[in-house]
Amino acid sequence: MLVKAIMIPFFQLQCLSVDDTLDTAIKKIENNRLLSLPVVDGKKFVGILSKQYVFEMYFKEFSEIPRAVYLEKHVGDMIKTPIDPIREDCTIEEAAAIFINSKIRFIPITDEENRLIGIVTQQAIFKEYQKIFGQGYNPVTIYTYNARGILATISEIIAKDRGNIRNIVLRDTDVMGLQEVNMRIECDNFPKIISDLKKNGFNVH
């Protein structure tokens with residue numbers, strides 16, 4: 001899945017302008033009950049400004065001036081290192097990897113001319129993974145050394161018991177070639193499916 005399917009589009013976003021004062025920026029962030037907001041120059045993406053960063057910079061570099069004077073500085077003067085945006089054809093897996101390796105809560109999405117067209121949030125990514133893993137259906141985990149060779153057999157057993165595999169994820173455990181097959185099954189008689197899988201020699205958990 002591509003992030004454009006789950007992004008919040010630009011017209012729904014609250015953004016900061018490079019011309020906003022820090023005081024205005026803090027109020028916008030707080031009024032939206034957020035920790036940070038994207039910064040734009042017109043529609044061009046510039047960076048992200050967080051409330052925490054504004055206060056940290058005051059105590060690190062500007063504490064010799066009155067806070068009121070500091071808060072009259074423009075947002076554009078405070079953006080030091082803009083976060084790298086992604087394109088709308090980026091996959092949710094790629095976006096998830098960015099979240100894992102950073103502390104950000106959203107990723108900006110821009111077009112070829114660096115115009116902000118939306119953002120993707122951690123929450124949106126997590127919700128999609130929740131769907132992928134089929135929350136709400138019966139979970140089955142099978143350990144095997146030959147996942148590809150036994151998937152057809154597993155599917156036949158589940159189908160005979162009138163079960164429906166809602167999703168399936170194959171994971172290498174990195175332990176002597178042992179593989180983990182995770183499934184979510186929709187059915188009327190889950191205990192029978194588990195029993196039949198075990199009768200056929202599968203290591204079911």
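Which residue does the side chain of Lys28 meet in a salt bridge? The partner is Asp20, with N and O 3.0 Å apart, a salt bridge being a side-chain nitrogen of Lys or Arg within 4 Å of a carboxyl oxygen of Asp or Glu. This is a predicted model, in which local features need pLDDT of at least 70 and side-chain atom pairs count only at pLDDT 80 or more, while totals for chains, interfaces and linings use all residues. Residues are numbered from 1 along each chain as its sequence is written, and side-chain values use heavy atoms, leaving out hydrogens and water.

Asp20 is buried at a relative accessible area of 13%, whereas Lys28 is partly exposed at 25%; buried means under 20% relative accessible area, exposed over 50%, and partly exposed in between (1.4 Å probe, protein chains only).

By the salt-bridge rule the count comes to nine. One of them joins Asp196 to Lys192 at 2.9 Å between the closest N and O atoms, and both residues lie in helix 7 (residues 190-199), four residues apart, about one turn of the helix; helices are DSSP runs (H or I, at least four residues), numbered from the N terminus. Asp196 is buried at 13% relative accessibility, and Lys192 is partly exposed at 40%. Salt bridges with shared partners also link Asp111, Glu113 and Arg115 into one network, within which the closest N and O atoms of Asp111 and Arg115 are 2.7 Å apart.

Turning to helix packing, Leu22, Ile26, Ile29 and Glu30 of helix 1 meet Lys51, Val54 and Phe55 of helix 2, where contact means heavy atoms within 4.5 Å.

Terms used
Helices (H or I, at least four residues) and strands (E, at least two) are DSSP runs, numbered from the N terminus.
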